Amino acid sequence: MAWNPITKSHIAWRVTPNLVDYATTQRSFSWKEVGQAFVGLPGGRGLNIAYEAVDRHANGARADQVALRWLGRDGAIRDFTYASLRDESNRFANVLKDLGVAKGDRVFVLAGRIPELYLAALGTLKNASVFCPLFSAFGPEPVFQRLSRGDAKILVTTTRLYEQKVAAQRSRLPQLQTVLLVDNLHDDPEQQLLSLPKRMATASTEFTIPPTDPEDMGVLHFTSGTTGMPKGAIHVHNAVYTHYITGKYVLDFHPGDIFWCTADPGWVTGTSYGIIAPLLHGVTNIVDEAEFDAERWYRILQDEKVTI
């Protein structure tokens with residue numbers, strides 16, 4: 001049976017789409033041209049996802065634009081401009097550096113959609129370490145499997161999640177050197193439980209990103225494990241090309257867009273398109289801490305004037 005193609009009139013377009021005609025775009029497509037959107041690390045020191053996603057804008061005209069708006073489940077709102085997101089992610093990178101976390105070391109985050117997760121993601125990338133997100137609803141054994149198989153050196157989490165899902169497994173994770181608790185102001189050196197707020201408060205907002213080769217590991221995601229042991233999937237810093245171009249052609253980002261990805265960063269969509277892609281395009285990224293609630297979601301769409 002033949003089907004007529006769906007057509008939409010350009011008269012209804014709010015803005016002209018980045019992908020108007022697939023065949024024309026395909027014929028002229030060039031990865032080299034895509035790369036012209038990036039500036040690279042100063043001094044030709046390579047390509048770093050976090051620098052392109054945050055610092056590139058923070059050092060330019062978008063410095064005071066809201067990069068990330070966090071909506072707390074209790075009604076709290078926290079805004080991070082591109083400039084403040086640069087500074088706070090620099091603080092986290094300095095925390096890692098002070099702890100001796102080096103290039104390639106794995107930094108896992110087990111948390112809900114809280115600001116510290118996003119700062120940890122970007123700060124880890126800046127330190128040329130590997131960001132490894134975990135879905136906070138995982139039980140103790142799935143968490144252990146990923147921490148173990150991923151050679152976790154640092155874990156960022158909450159006191160509740162640590163006690164419920166990690167503490168009893170600690171003896172089975174000899175490579176896990178330090179746990180940074182986002183909601184604790186006191187250290188327990190004997191257990192290597194350290195206060196993240198305490199260290200963030202004294203960390204410098206200045207950080208020099210080390211040389212980053214485009215093929216250096218940036219993100220380590222794990223599959224669901226429903227058909228066997230979870231498998232690690234690596235995203236190198238050069239994946240920034242794909243994050244950028246899919247944001248341009250699939251999500252159709254334009255300046256001034258308000259974007260909301262409802263996926264959790266524990267899964268690939270929530271990191272690639274809930275953190276990296278929107279920031280690469282310099283739009284405002286909405287993050288909601290709460291779980292699904294239809295009335296709440298409709299209110300967010302209305303009040304935040306979400307465009308995508």
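Student: What makes the radius of gyration of the protein agree with that of a compact globule?

Tutor: The radius of gyration, taken over C-alpha atoms, is set against a globule rule of 2.2 Å times the number of residues to the power 0.38. For 308 residues a compact globule would have a value near 19 Å, and the protein has 20 Å, which agrees. This is a predicted model, in which local features need pLDDT of at least 70 and side-chain atom pairs count only at pLDDT 80 or more, while totals for chains, interfaces and linings use all residues. Residues are numbered from 1 along each chain as its sequence is written, and side-chain values use heavy atoms, with hydrogens and water left out.

Student: What are the spans of the C-alpha trace along its principal axes, and how many helices and strands does the protein have?

Tutor: The spans are about 65 × 50 × 40 Å. The protein has 11 helices and 11 strands; these are DSSP runs numbered from the N terminus, helices being H or I of at least four residues and strands E of at least two.

Student: Why is R113 called buried?

Tutor: A residue is buried under 20% relative accessible area, exposed over 50%, and partly exposed in between, with a 1.4 Å probe and protein chains only. R113 has 9%, and is therefore buried. R113 lies in the loop between β3 (106-110) and α5 (115-126).

Student: What makes the pairing of the R113 and D264 side chains a polar contact?

Tutor: A polar contact is a pair of N or O atoms within 3.5 Å; within protein, one must be able to donate a hydrogen and the other to accept it, and residues adjacent in sequence count only if both atoms are side-chain atoms. The side chains of R113 and D264 are joined by such a contact of 3.1 Å. The side chain of R113 also reaches the backbone oxygen of A290 at 2.8 Å. Leaving aside residues up to four places away in sequence, R113 touches a set of residues including W70, Y118, P265 and E291, where contact means heavy atoms within 4.5 Å.

Student: Is F138 buried or exposed, and how do you know?

Tutor: F138 has 12% relative accessibility, so it counts as buried. F138 is placed in the loop between β4 (130-134) and α6 (140-149). Beyond residues up to four places away in sequence, F138 touches V143, R146, K165 and W267. The C-alpha atoms of F138 and G266 are 9.7 Å apart, although 128 residues separate them along the chain.

Student: Which class of accessibility applies to Q192, and why?

Tutor: Q192 has 31% relative accessibility and therefore counts as partly exposed. Q192 is found in the loop between β6 (178-181) and β7 (193-195). Its phi is positive, about 55°, although Q192 is not a glycine.

Student: Why is K305 called exposed?

Tutor: At 61% relative accessibility, K305 counts as exposed. K305 belongs to the segment after α11 (294-303). K305, a residue other than glycine, has a positive phi near 55°.

Student: How many of the residues of the protein count as buried?

Tutor: Of the 308 residues, 49% count as buried.
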